[in-house]
Amino acid sequence: MPSKNRINKILVVSVNWLGDVIFSTPVYAALKENYPQARIFCMATPRVHEILECIPQIDQIITYDEKGTHKGLLAKWQLSQTLKQEKFDQAFLLRPSVSRAAILYLANIPSRIGYTKQGRAHFLTHALQESKTVRHRSDYYLHVLSQAGLTVKKRQCVLTLNDCIKQQANEVLDREGVKAQDKYIVLNPGGNWHLKRWPIEKYHALAKELLRQGKKVVVTGAHKDKELAKSIIGSLADKSIVNLSAQTTLKQLMGVLKRAQCVISGDSGPIHMASSVGTHVVALFGPTRPEVTAPRGKARVRVLQK
């Protein structure tokens, strides 16, 4: 392993999903603390760039479009040669991936550390096998660093929003009648798969009760969640409930979540986004395990599971 004062350029190969990228934020904080002189690059798929741009320790993002531009073998080889020209001193692979490990190998990065699939360890200089020990996803990523001899002091997941993001979120809310002084609670009904979603009729009953208590309610979601949001609002003819589903960019959504008093959601990207920007959350868990994927942000977290 090279000495710390000789590490000036580091590449981190990112994970692919929003929640997982958020869980990886302590990795970049730890790298910056261990290597304050180093520039940190991150190679990632386009869909997570907006999250990565809110991690201040990342100096530059390199696009790896495995389903588009870099789909074929030739394109992957060309990417490896582009990385080779950067002359990275060290690379970290946060999840087992033969193709990504091979790209690092072809890029001739002298120190390549990370998880590998059995029998493919020759692509890495320091290969880690996945442990059967149950650990939080964030700890799983940080384990790569600790096994490389680095000090890990902070395990909190933190995203940083600039003034432009906050202003854009305020403009989105203002168009829907939510003014700067208004307080509100966010309901986020979506999820990557059906079993992770709390039943829509429960969200509808919750929204009705919050409105009865005089609360403002904002329903958020991606384009695919538009019908869920409509079902929640249903017959609630009340100006205090707003549907922002499919009406925000990812960064604007983060700004909306940051302003909220509380965010209520299943185990999905937005609940982790909210926690990481400092908003209190109530996380509704079904089949997934809180000890593995519970929010780890800087605000209060209440996990409910049945």
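User: Helices (H or I, at least four residues) and strands (E, at least two) are DSSP runs numbered from the N terminus. In the loop between which two elements is the place of Asp 267?

Analyst: This is a predicted model, in which local features need pLDDT of at least 70, side-chain atom pairs count only at pLDDT 80 or more, and totals for chains, interfaces and linings use all residues. Residues are numbered from 1 along each chain as its sequence is written, and side-chain values use heavy atoms, with hydrogens and water left out. On that numbering, Asp 267 is placed in the loop between strand E10 (262-266) and helix H11 (269-276).

User: Which side chain of opposite charge is nearest to Asp 267, and how far away is it?

Analyst: Lys and Arg count as positive and Asp and Glu as negative, while His and the chain ends are not counted. Asp 267 is buried, a label for under 20% relative accessible area, with exposed meaning over 50% and partly exposed in between (1.4 Å probe, protein chains only). Asp 267 has no salt bridge, that is, a side-chain nitrogen of Lys or Arg within 4 Å of a carboxyl oxygen of Asp or Glu. The nearest side chain of opposite charge is Lys 196, at 4.0 Å.

User: Which side chain forms a polar contact of 3.0 Å with that of Asp 267?

Analyst: A polar contact is a pair of N or O atoms within 3.5 Å; within protein, one must be able to donate a hydrogen and the other to accept it, and residues adjacent in sequence count only if both atoms are side-chain atoms. The side chains of Asp 267 and His 272 are joined by one of 3.1 Å. Beyond four places in sequence, Asp 267 also touches Leu 284, Phe 285 and Thr 288, among others. The partner at 3.0 Å is Thr 293.

User: Is Ser 276 buried or exposed, and what is its relative accessible area?

Analyst: Ser 276 is placed in helix H11. Contact means heavy atoms within 4.5 Å, and beyond four places in sequence Ser 276 is in contact with Ile 22, Cys 157, Val 158, Leu 159, Gly 297 and Lys 298. Ser 276 is buried, with a relative accessible area of 1%.

User: How many residues does the largest nonpolar core have?

Analyst: A nonpolar core is a set of buried Ala, Val, Leu, Ile, Met, Phe, Trp, Tyr and Cys residues joined through side-chain atoms within 4.5 Å. In the largest one, the residues with the most contacts inside it are Leu 31, Leu 52, Phe 92 and Leu 145. Leu 31 touches residues including Ile 10, Val 12, Ile 40 and Leu 150, leaving out those up to four places away in sequence. The size of this core, in residues, is 62.

User: What distance separates the closest N and O atoms of Lys 32 and Asp 59?

Analyst: The count of salt bridges comes to twelve. Lys 32 lies in helix H2 (residues 25-34) and Asp 59 in the loop between helix H3 (49-52) and strand E3 (60-63), so the pair ties together parts that are 27 residues apart in sequence. Lys 32 is partly exposed, at 23%, as is Asp 59, at 37%. Their closest N and O atoms are separated by 3.1 Å.

User: Which residue forms a salt bridge with Lys 251?

Analyst: The closest N and O atoms of this pair are 2.4 Å apart. The pair links distant parts of the chain, 198 residues apart, with Lys 251 in helix H10 (residues 250-259) and its partner in the loop between H3 and E3. That partner is Glu 53.

User: Which residue follows H6 with a positive phi?

Analyst: The buried residues of H6 include Asp 139, Tyr 140 and Leu 145. Among the elements that cover them are helix H1 (18-23), H2 and strand E4 (90-93). The phi of the residue that follows is near 85°, and that residue is Gly 149.
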